[in-house]
Amino acid sequence: MTRRRPVARPIARSVRIERIQKYVFVLPALLLFGAFVLIPLGGAVYYSFTTWGGLGTPEWVGLRNYRRAFGDSIHLRSYLNISWYIVGTLLVEVAFGLVMAVLLSKAGRLFELLRGLFFSPMVLSMVAAGLLWTYVYDYRRGLLNEVLRSVGLPDLAQPWLSDPNWALIAVIVVSGWKYAGFYMIIFLAALRRIPVSLYEAATLDGAGPLQKFVHVTLPLLRETSVVAVLLCVTGGFAAFDLFFTMTNGGPFNATEIPTTWIVKQAFERHNMGYGAALTVIMTIVVGLVSLVYLLATRRRHAVEY
Amino acid sequence: MLRTMSRSIRAGALAAAAASLIGLSAAQTEVTVAHTMTGGAHRVAFDAIVDAFHEEHPDIRIVQNPQDMEIYQDTGLISMLQSNDPPDVWFQWGGDLVRRDAELGFALDLTDHLAEGGWGDTFLDASWSEGTGTMVGDRIYMIPYAFDVTTVLWYNVDLFEEHGLSEPETWTEFLDLLRTLREAGETPIVLGNQQFWPLGNWAGHITARVVGMDVFDRAFTLEEPFSQPAFEEAFRRFEELAEVQAFNRDLAGLGASESMTAFFQGEGAIHPIGSWLIPNALETAPDGFRYSAFNTPVIEGGAGDPQSIIGLATGFEVSAHSDVVDEALTFLRYFTSFDNQVAWAEAGRFSPVEGAMAAADIDEHNQALAELFLDANEMVPPPDTGYPVEIAGIFYQGAAMVAGGMNSATEALDWIDRQLEPLR
């Protein structure tokens with residue numbers, strides 16, 4: 001009994017030190033997270049219960065901003081628009097990126113060049129891409145309408161970004177042009193991890209290219225697809241710069257999304273309190289969507305190979 | 001030895017220079033001036049006035065803080081005023097923002113200062129009113145430095161001559177003119193309304209002409225709804241514009257400056273925008289481009305002043321918390337002196353100082369606008385400066401819906417009232 005004490009003390013001390021060390025190592029990250037995320041978020045929550053124009057003292061109004069948000073038709077419409085945008089980008093970014101990854105996964109100079117070209121829009125900033133495509137879509141001298149006019153289809157030339165029926169589609173196309181290459185790279189990396197023997201076995205079983213894609217490739221890409229979809233959905237909610245440069249929510253709110261509406265309320269109309277309430281709502285919505293999606297896809301699709 | 005002496009001399013000279021610099025800066029009082037003049041002829045004129053002021057007043061130093069106009073309007077000025085070191089003098093748009101700055105205690109009451117030595121009497125009488133936006137109640141909070149007409153109808157003289165058109169006097173004549181242009185394959189009005197204010201300003205003027213200023217004011221201060229017969233009558237004018245296909249097809253998505261460029265390139269016969277078209281024409285219009293302007297035509301049966309113009313005063317406010325109020329006012333007196341205002345007018349700004357415009361050597365377009373201004377009995381404030389910007393923004397969008405053919409007058413006015421409901 002007496003011999004144990006000298007041994008137990010160092011062990012207990014080292015456990016204590018380990019415990020303290022954990023917190024010491026985490027502390028810098030925690031401080032940064034607190035300073036740049038938690039405190040501003042707390043500030044936004046506080047301001048969301050006030051009316052404040054940016055000057056003077058905020059006035060406490062309780063839940064008024066939240067009641068207003070749920071009756072604000074443009075705010076509600078912005079969630080519908082962003083939902084359509086996300087559905088669109090899932091198709092033109094994720095699905096198209098997957099198709100391109102499969103088509104361009106072969107070795108060879110030509111395929112390397114095509115992969116590089118397809119990925120190249122990623123190096124542009126969103127603002128640059130938005131401005132570039134604004135010129136492409138320009139009604140008067142834009143490339144798209146010039147092509148349509150030059151091939152004898154002048155009636156198809158449209159004011160793409162001024163027409164509520166076309167504006168959101170036009171933005172989705174640009175988003176796809178910009179990001180499909182990114183998802184292609186993600187899927188390419190995952191494709192290369194699939195053992196060739198699985199395809200050889202499928203070939204011996206008489207499977208054609210389509211069957212191999214459906215029954216071998218797709219199941220083994222499920223984990224990657226989960227990440228890609230999550231990135232696309234959360235990235236979609238955070239979209240702003242492309243909309244800001246191309247349409248700024250117009251025409252007639254046809255491309256109004258939560259972020260553009262928040263910026264308009266907070267900085268153009270100086271409704272900081274209402275803008276903060278919209279920000280809190282958006283944070284909750286994005287958090288919930290991400291959580292539900294992660295729970296729904298958790299481990300279910302894990303395939304080991 | 002020589003090296004040591006040389007070192008001593010250099011050290012002594014440096015010390016003397018530093019001492020003189022310290023002495024100079026200690027003797028000078030700095031007055032910070034925040035504004036939106038980032039370039040153009042008026043900035044050149046302003047800089048020249050500041051330089052001349054420095055020569056006359058070596059004890060005062062004007063420190064300019066220019067910012068891009070949109071940034072200044074959205075976040076720039078608010079951030080500066082909230083900071084620990086707010087500017088001593090700042091640019092402001094007359095109207096609701098002056099009211100805000102006065103009510104929150106940021107802007108100094110200038111009434112007594114302007115009464116000293118008859119300084120206030122050197123300005124045009126129109127400078128001092130709540131309508132102009134310099135006053136709150138009977139107190140003055142802004143010294144105007146320019147009047148801006150925010151919408152007149154600029155037109156392409158060559159296109160008008162080609163189609164045998166002349167300036168319309170009435171709204172009916174105006175609609176006929178638009179039909180003629182459309183039937184001739186022209187775009188009658190080219191405008192970029194992506195941000196709603198270009199058409200919104202004009203819509204505000206048309207509405208004030210139809211409903212009269214009292215009803216206009218009561219609706220914009222939310223004392224009355226917009227859905228009422230007078231406003232329906234006003235919005236029918238926008239329906240008429242949509243019916244004659246007055247606007248370019250990309251009205252809703254085109255930017256304001258892009259539409260001005262389109263006008264200069266002959267892609268539309270009429271461009272409703274403010275007095276700032278003149279300096280832009282000097283910079284970007286092709287050689288030989290001929291243009292002129294007319295006011296919004298008389299709207300038959302309207303309850304408002306048929307000759308009114310839409311515009312506002314812009315100017316400087318002085319911080320109520322400034323330690324250098326006297327020096328700031330010394331500079332503003334100097335800036336608004338007759339000679340400097342003549343130079344200011346020659347740089348393209350409409351001077352509010354009595355006689356400055358008449359004495360200045362200004363071009364025909366500025367002269368025409370000056371006459372328009374002096375002939376007007378009433379100045380309608382643009383909704384986005386005369387009233388809270390949120391109310392104006394909703395009104396602008398409602399007007400755009402009708403002019404763009406998206407909604408009827410009744411639908412748009414109902415929509416405006418629904419949007420304004422939480423603010424009432």
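In what order do the three strands of the open sheet in chain B stand? The order is S8-S7-S9, and the pairing is antiparallel. Please keep in mind as you read on that this is a predicted model.

**The sheet in chain B**

Let us stay with these strands for a moment. Strand S8 (270-273) and strand S9 (291-294) of chain B stand at the edges, and each has a single partner strand, so one side of each is left without a neighbour in the sheet. On average, neighbouring strands of this sheet are turned by 30 degrees against each other, direction ignored. Strand S7 (residues 152-156) of chain B is joined to S8(B) by four bridges, and the two run antiparallel.

**Two domains in chain B**

The domain assignment of chain B gives domain 1 as 31-149 + 311-375 and domain 2 as 152-310 + 383-423. Between the C-alpha centres of domain 1 and domain 2 of chain B there are 28 Å. Their contact takes 21 residues from domain 1 of chain B and 14 residues from domain 2 of chain B.

Which elements build the domain 1 side of this contact in chain B? Helix H4 (96-103), strand S6 (143-149), strand S10 (309-318) and helix H16 (364-375) of chain B each supply at least two residues of the side that touches domain 2. H16(B) gives the most to that side, with seven residues. By class, the residues on the side of domain 1 of chain B that touches domain 2 of chain B divide into 10 nonpolar, eight polar and three charged.

| Helix pair | Axes come within | Crossing angle |
|---|---|---|
| H8 (residues 197-211) and H10 (residues 229-243) of chain B | 9 Å | roughly 135 degrees |
| H5 (residues 126-137) and H7 (residues 167-191) of chain A | 11 Å | roughly 130 degrees |

In chain B, H8(B) and H10(B) are therefore oblique to each other, and H8(B) passes H10(B) in a right-handed crossing. From H8(B), Ala203(B), Ile206(B), Thr207(B), Val210(B) and Val211(B) take part in the contact; they meet Ala230(B), Phe231(B), Glu233(B), Ala234(B), Arg237(B) and Phe238(B) in H10(B). That contact has eight nonpolar, one polar and two charged residues.

In chain A, H5(A) and H7(A) are therefore oblique to each other, and their crossing is right-handed. Here Ala129(A), Gly130(A), Trp133(A) and Tyr137(A) in H5(A) meet Ala170(A), Val174(A) and Lys178(A) in H7(A). The residues of this contact divide into five nonpolar, one polar and one charged.

**A loop in chain A**

Where does Pro251(A) lie? Look in the loop between helix H11 (241-246) and helix H12 (258-268) of chain A. The peptide bond from Gly250(A) to Pro251(A) is cis, with omega near -10 degrees. Asn248(A) is also found in the loop between H11 and H12 of chain A. Phi of Asn248(A) is near 50 degrees, a positive value in a residue other than glycine.

**Where the chains meet**

Technical notes
Residues are numbered from 1 along each chain as its sequence is written. Chains are lettered from A and ligands numbered from 1 in the order in which they are written. This is a predicted model: local features need pLDDT of at least 70, side-chain atom pairs count only at pLDDT 80 or more; totals for chains, interfaces and linings use all residues. Axes are lines fitted to C-alpha atoms, for helices over the stretch in contact, and angles run from 0 to 180 degrees between N-to-C directions. Angles under 35 degrees count as roughly parallel, over 145 as roughly antiparallel, 65 to 115 as roughly perpendicular and the rest as oblique. A crossing is left-handed if the near helix is turned anticlockwise from the far one by less than a right angle, and right-handed if clockwise. Two residues are in contact if their C-beta atoms, placed from the backbone, lie within 7 Å. Ala, Val, Leu, Ile, Met, Phe, Trp, Tyr, Cys and Pro count as nonpolar, Asp, Glu, Lys and Arg as charged, and the others, Gly among them, as polar. Domain bounds come from an automatic or database domain assignment. Two strands pair if DSSP finds at least two bridges between them.
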